[in-house]
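Here is my notebook page for today.

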Amino acid sequence: MNIKCEVIQDLLPSYIEGLTSDESNKLVNSHLSECQSCCQVYNEMKQEIPITIQNTEKPSNNSEKKLVKRIKNKIFTVITTLVITFSLLGFFIGAFGNVIFQEGNPIPVISSIIELEFTDAEYVVFSTGPDRYVSEFKSGDNRYSVVLKYMREQGWDFKEQMGSGLIFENEAEEIVVETRQYTRKYFIWSVPEIETKE
Ligand SMILES: [Zn+2]
């Protein structure tokens, strides 16, 4: 290999990447056109370099795509969460309206209603002392029939209804079970603490 070949081959990597000056390019071009061995080296380098360039570019490209994908996934998750949250909120407000805040913290009542919906229970206690229950209105003779049945089991007979109060009696006394409409479908009722006389 003569000196010129050595110089040309030193220049080749830069030449292939287009980093050499016009003057150098002319030199390389004219040498390549007449030197078989340098031409061969040039062809080999030309094939190698674009591959190494591709290889170094691809991973960054990929990681960029991955990052974009991750961000898209994250945005999707956030939007989905927001949509679900607002749908649930909308559902509860739609189903229960403003009344859900009438009884203070609506969570115990709402979870009791959910329990009613998913079990055969006719009533669910949501607070005690006095015991407060939530039930579904019944169609038929008395929409409070759940309360009547419950009180009969406790030894109380239904006497009459006065407004929202249901009056029950046994041999000795009377008690009033207060009812309150909670939603169109559900009502709350509270049984006063009964002093059982034996
Ligand atoms: Zn040469």
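I began with strand 2 (residues 131-136) and strand 6 (residues 186-191), which pair in the antiparallel sense over 6 bridges. Strands pair here if DSSP finds at least two bridges between them. Across from Glu136 I found Tyr186 in strand 6.

I noted that this is a predicted model, where local features need pLDDT of at least 70, side-chain atom pairs count only at pLDDT 80 or more, and totals for chains, interfaces and linings use all residues. Residues are numbered from 1 along each chain as its sequence is written. Helices (H or I, at least four residues) and strands (E, at least two) are DSSP runs, numbered from the N terminus.

Next I looked up the whole sheet: it is open, has 6 strands in the order 1-2-6-5-4-3, and pairs antiparallel. Its edge strands are strand 1 (123-127) and strand 3 (157-162), each pairing on one side only.

Then I turned to helix 4 (residues 107-118), which lies across strand 1, strand 2 and strand 6 and runs at about 165 degrees to strand 1. Angles run from 0 to 180 degrees between N-to-C directions, with axes fitted to C-alpha atoms, for helices over the stretch in contact.

Last, I checked two helices: which residues of helix 1 meet helix 2? They are Lys4, Ile8, Leu11 and Tyr15, and they meet Ser24, Asn25, Val28 and His31 in helix 2. Contact requires C-beta atoms, placed from the backbone, within 7 Å. The axes of helix 1 (residues 3-16) and helix 2 (residues 22-34) come within 10 Å and cross at roughly 120 degrees.
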